[in-house]
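User: I'd like to learn how to read a protein model, one feature at a time. Could you walk me through this one?

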Amino acid sequence: MDHAHDAAEDSGAPSSPSSPAAAAVYAVELHPQGWRFDAPENETLLLAALDHGLRLPHSCRNGTCRACIAKLVSGRVDYRIEWPGLSREEKDEGWILPCVACARSDLVLDQPQTINLFDVPPPPGPRS
């Protein structure tokens, strides 16, 4: 039994990221832009991207409309629903639906329609 570990837990100190109760966080890179964001394992890729100011195309958020479809270049995901709106062939080719997909490793996604909300120019000012 590791008493030092137990004492750290009992001391009220924050748990470390390696603690079993802490959700894993994976790095996601979007191509072709090269933008990156962190995706907690318990959050969909769509919501994690939005949290970082990156707007992937989306509509339904439940895996049926396919507006968010993206190519998984590398990495592994799991889905929040049993069978998202993808054919077996699309899954085999690496297509994913970020609105219902959660990272299970670091990822590289090909999603050229993503918008960086922080890089959007301000609307034109009033005309004089």
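Analyst: Let's start with one residue. Arg66 is partly exposed, with a relative accessible area of 32%. Buried means under 20% relative accessible area, exposed means over 50%, and partly exposed is in between (1.4 Å probe, protein chains only). This is a predicted model, where local features need pLDDT of at least 70 and side-chain atom pairs count only at pLDDT 80 or more, while totals for chains, interfaces and linings use all residues. Residues are numbered from 1 along each chain as its sequence is written, and side-chain values use heavy atoms, with hydrogens and water left out.

User: Which residue forms a salt bridge with Arg66?

Analyst: The general idea: a salt bridge is a side-chain nitrogen of Lys or Arg within 4 Å of a carboxyl oxygen of Asp or Glu. Here the partner of Arg66 is Glu90, and their closest N and O atoms are 2.6 Å apart. The pair links distant parts of the chain: Glu90 belongs to helix α3 (residues 88–92), Arg66 to the loop between β3 (54–55) and β4, and 24 residues separate them. Glu90 counts as buried, at 18% relative accessibility. As for those labels, helices (H or I, at least four residues) and strands (E, at least two) are DSSP runs, numbered from the N terminus.

User: How many salt bridges does the structure hold?

Analyst: It holds 3. In one of them, the side chains of Asp78 and Arg104 meet at 3.1 Å, N to O. Asp78 lies in strand β5 (residues 77–79) and Arg104 in the loop between β7 and β8, so this pair ties together parts 26 residues apart in sequence. Asp78 is partly exposed at 34%, and Arg104 counts as partly exposed at 23%. Another salt bridge joins the side chains of Glu29 and Arg36 (2.9 Å, N to O). There, Glu29 is buried at 17% relative accessibility, whereas Arg36 is exposed at 61%.

User: How do I know what to trust in the model?

Analyst: Look at pLDDT, the predictor's confidence in each residue, from 0 to 100. The protein chain averages 84, and 78% of the residues score at least 70. Residues 1–17 stay under 50, and the model has 4 contacts for them beyond four places in sequence. A contact means heavy atoms within 4.5 Å.

User: What is the order of the strands in the open sheet?

Analyst: Two strands pair if DSSP finds at least two bridges between them. In this structure, an open sheet of 5 strands runs in the order β2-β1-β8-β4-β6, with mixed pairing. Its edge strands, β2 (35–40) and β6 (95–96), each pair on one side only. Strand β1 (residues 25–31) pairs with β8 in the parallel sense over 4 bridges, and Val28 stands opposite Leu107 there. By contrast, β4 (residues 70–74) and β8 (residues 107–110) are antiparallel, over 3 bridges. β1 and β2 also pair in the antiparallel sense, over 6 bridges. Their hairpin has 3 residues between the strands, and Gly34 in it takes a positive phi near 85°.

User: And what should I look for inside the protein?

Analyst: In soluble globular proteins, nonpolar side chains tend to be buried together. A nonpolar core is a set of buried Ala, Val, Leu, Ile, Met, Phe, Trp, Tyr and Cys residues joined through side-chain atoms within 4.5 Å. The largest one here has 24 residues, and Val28, Phe37, Ala39, Leu45, Ile96, Leu107 and Leu109 touch the most other members. Helix α2 gives the most to this core, with 4 residues. Leaving out residues up to four places away in sequence, Phe37 touches residues including Tyr26, Leu45, Ala48 and His52.

User: Is Gln111 buried or exposed?

Analyst: Gln111 is buried, with a relative accessible area of 1%. You'll find Gln111 in the loop between β8 and β9. Setting aside neighbours within four places in sequence, its contacts include Leu30, Pro32, Leu56 and Cys68.
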